[in-house]
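Biologist: Hi! Could you walk me through this one?
Modeller: Happy to, here it comes.
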Amino acid sequence: MKIVFKINGKQVSMEVKPSLLLIDLIRDVLKLKGTKPGCLEGECGACSVIVDGEAINSCMYLAINVNGKEVSTIEGLTGTENPLHKVQDKMLEHGAVQCGFCTSGIVMTTKAYSDKCLEEGITPTREEVKKSLEGNLCRCTGYAKIIDAAEAVYKK
Amino acid sequence: MDFDVINTTTKDELLTAIEDHQDTNFRIGAGYTDLIMNLRFQPTEGMTLINIAQMKDPSFISIEEQQDHIVLGTLVTASNIVNSPLIKLEFPVLHEAALSVASTQIRNSATVGGNICNASPSADMAGALVALKAVCCVLNSKGEERIEPLASFIVGVGKTSLDKNEVLKSISIPRNSGDQLKSGFEKVGTRNSMEISIVSLAYHFQLDESGKVVDAGVSCGAVAPTIPFAESACDFMVGKDLDGLSETDKEEFAENVLKYATPISDIRASEWYRKEVLFNISQAIFD
């Protein structure tokens, strides 16, 4: 099946197997390995990417359904001029990264949520920040530092 | 996983695809948050997937405000519901139920139609919609529509009244007639996120100016093969003043809700625990 979509700002057109999952398109076809396969059942959020501004689990999303849409992965967040996105900066600052496997998913989820908050002019409470990360598991940090980092993203 | 996909973007394409596949094994895919898991663990050889995720027809994808009803297209996502100011204002029970679904990522994909057609007794949005006396609009491959109350549309675990040539098009919720509301969704599980309910209770009481109940809707989740509408509990509440409820009233309400619970013991909780919890949360909503 032919699909046309944008990946990290670049328009692509390709033929894909109809049953291909988005995570496999991203990792195996496009060779963007920053998106991580964790549980593959929508629990852990390591595979989170942004489709048309919303964070989704790419392990539970058919590749054909990105047709006409815009997909962002961790690789598309920054360029050579700004090597780190604000969310990534805050995560480093707060020591929120240990083994790193969950990190790209957490960065993408937080990026989508912070864009939404910015658009609506909202500064979320700590509880709301926690709620925004409920679909991302981390087995190293114990979450406190991740939530601190995410919260810092919203502070002026 | 290996299957054929028919992509449909309009109502006519969808109806043709359903009509053409009456003699074959097919599934309809919308948000995929449940279906992908099914497909991964079941043989998919020879199966056709009718993809409706790219539908453009507004009646399938939008939240429509009518004079007497709010109509949710089957492809409205849990996030669409959470972000709708209208639903938050008029049907807090549905807002809370949608917000309690899994996680942000799942809510961004999961559809209300899928939550209903998956027919899980613990489905959160379906539970709220049963309490709201929602009605399903079902479309068949000939383009004919039929209407059925959601409470009878779900007939058992994983089973709906849908025929093979039918698809759920939309869900209508009658608008409130009362002046004030007491409306909410209680969900009990072992953690807050990504949780499948052990027991849930959806309630929507409409009150007149003096605080008397003029209309009541209550349903309980994960305690029966379907999501029962607790009619006798609703009847018991109509005419009562919510501020003046006695402890006996609260107990009697909870006993009425409990009549509809025939839970099983499973991996998540025992039958005894589910009944105790249902009774307690039913009583506690008035505290």
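Modeller: One term to start with: a salt bridge is a side-chain nitrogen of Lys or Arg within 4 Å of a carboxyl oxygen of Asp or Glu. This is a predicted model, where local features need pLDDT of at least 70, side-chain atom pairs count only at pLDDT 80 or more, and totals for chains, interfaces and linings use all residues. Residues are numbered from 1 along each chain as its sequence is written, chains are lettered from A and ligands numbered from 1 in the order in which they are written, and side-chain values use heavy atoms, leaving out hydrogens and water.
Biologist: How many salt bridges cross the interface of chain A and chain B?
Modeller: Two by that rule. In a salt bridge between B:R191 and A:E43, the N to O distance is 3.2 Å.
Biologist: And how much area do chain A and chain B bury between them?
Modeller: About 2,300 Å², with 50% of it on carbon and sulfur atoms. Buried area here is the accessible area (1.4 Å probe) that two parts lose on being put together, summed over both. Chain A gives 29 residues to the contact and chain B gives 29 residues, where contact means heavy atoms within 4.5 Å.
Biologist: Switching topic, how many salt bridges are there over all chains?
Modeller: There are 20. One pairs B:E90 with B:R175, whose closest N and O atoms are 2.5 Å apart. B:E90 sits in helix α5 (residues 85-90) of chain B and B:R175 in the loop between β10 (166-174) and β11 (180-188) of chain B, so the pair ties together parts 85 residues apart in sequence. Helices (H or I, at least four residues) and strands (E, at least two) are DSSP runs, numbered from the N terminus.
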